[in-house]
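Hi,

Here is the structure I promised to pass on.

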Amino acid sequence: MRVFFKFFSFGLILLLLVGFVYQSYKSYVDSSYFEKSGVMLEVGGYSLYVEDSGSGKVNVIFDSGMGDDLSVWNKVADNVSKFSRVITYDRAGLGWSEESPKKRDSKAIVEELHSILEQKNLTGPIVLVGHSFGGVNMQVYALTYPEDIAALVLVDSAHEDQINRMPRTGLFQKYVFKFGMLAAPFGLPRLYLSNTSPEERAKKSTTKHQYTSLDEASYFPQSLNQLDALNPNYGGLPLVVIARNQPSSEIQNKNTKHYIWAGLQESLASRSTDSTLIFTGERQHSIHKVQPEIVIEAIQTLVNGL
């Protein structure tokens, strides 16, 4: 038994060492392999990676969901840049951006984005587009700096009441997911992240990215509380809410997560007297990746009206 334990311990240590070397090498290679068309902008002792493309009288700013980098917007941003100026960025600690010593809550994230936009010296109307957790950030931004914002697009956005109203994730699934992220120094995320976008996979596989995602998740309840404290109401601000699945009125089972989520999305749309609510008919959360045409059309309609 003792011999078995020795061999097992030796094998485990060797496996971790190999994983660590592999992860360090691949992260180094990835950082120089992919072409970076953007720039690094300093926001207070650390820098964020920002891409700026297209032109036009309207500026469209994107923020990604939790654990995502700016590349998830590629399909949408490439098309929107044909009729508007587009700015996408990696939040601090994600993608190509440097880590931040600040809390990873919406308030801190909004101040970082505000610093970026100030440095860009934007002229013309600003349209904010946020997916999931990015939708919370963009709502906080619009409520903090309302004078700067001409329209808001929420893509299956998180809602400040969702923790209390949505069914809880199973503990097994939750901890398996968390274990995979914690094992980032040993290359584990590289084994299960998508191969469809090599750049997205490379950016998400870094220890920095995975650990920052965990930090954002741990501060998620605080971010929702920050949004709630601002009493979200956008008056007559043009607002488009794009939600997965169907309206609550078309869902027969009122005890499902789909019914609750639809109600939360309808709640978001009620926050403006000039709102449009679009349900995709599909259950995918990443609407901008699987049904980008819906998001593009919604943004173009807004832009044409500004």
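Predicted model: local features only at pLDDT ≥ 70, side-chain atom pairs only at ≥ 80, totals over all residues.

**The sheet and its first strands**

Met40 has Tyr49, in S2, as its bridge partner. That belongs to the antiparallel pairing of S1 with strand S2 (residues 47-53), which runs over four bridges. Strands here are DSSP runs of E with at least two residues, helices are runs of H or I with at least four, and both are numbered from the N terminus; two strands pair if DSSP finds at least two bridges between them.

Residues are numbered from 1 along each chain as its sequence is written, and side-chain values use heavy atoms, leaving out hydrogens and water.

Back to the sheet, which is open and has eight strands in the order S1-S2-S4-S3-S5-S6-S7-S8, with mixed pairing. S1 and strand S8 (275-279) are the edge strands, each pairing on one side only.

Lys36 is partly exposed at 34% relative accessible area (buried is under 20%, exposed over 50%, partly exposed in between, with a 1.4 Å probe and protein chains only). Lys36 and Tyr49 are 13 residues apart in sequence, and their C-alpha atoms are 9.1 Å apart.

Which residues touch the most other members of the largest nonpolar core? Out of its 38 residues, they are Ile61, Ile116, Leu117, Leu128, Tyr141, Leu152 and Tyr234. (Such a core is a set of buried Ala, Val, Leu, Ile, Met, Phe, Trp, Tyr and Cys residues joined through side-chain atoms within 4.5 Å.) Helix H4 (residues 133-144) gives the most to this core, seven residues. There is also a second, separate core of 24 residues, with Val86, Ala151, Val155 and Ile294 among them.

As for H4, 11 of its 12 residues are buried, so the helix is largely enclosed by the rest of the structure. Its end C-alpha atoms are 17 Å apart, which agrees with the 16 Å that the 12 residues should span at 1.5 Å a residue (the expected span is 1.5 Å times one less than the number of residues).

**Aromatic pairs**

The whole structure has three aromatic pairs. Rings of Phe, Tyr and Trp (its six-membered ring) pair if their centres lie within 6.5 Å; planes under 30 degrees apart are stacked, over 60 edge-to-face and the rest tilted.

One of the three is Phe133 with Phe220, edge-to-face at 5.9 Å centre to centre and 75° between the planes. Phe133 sits in H4 and Phe220 in helix H10 (residues 220-229), so the pair ties together parts 87 residues apart in sequence. Both Phe133 and Phe220 are buried.

Tyr141 and Tyr145 make a tilted pair, because their ring centres are 5.2 Å apart and their planes at 50°. Tyr141 is buried at 1% relative accessibility, and Tyr145 is buried at 13%.

**H11**

Finally, helix H11 (residues 257-269) has Ile260, Trp261, Ala262, Gly263, Leu264, Gln265, Leu268 and Ala269 as its buried residues. What covers them includes H4, strand S6 (151-155), helix H5 (162-165), strand S7 (239-243) and S8.

Cheers

Key. Contact = heavy atoms within 4.5 Å.
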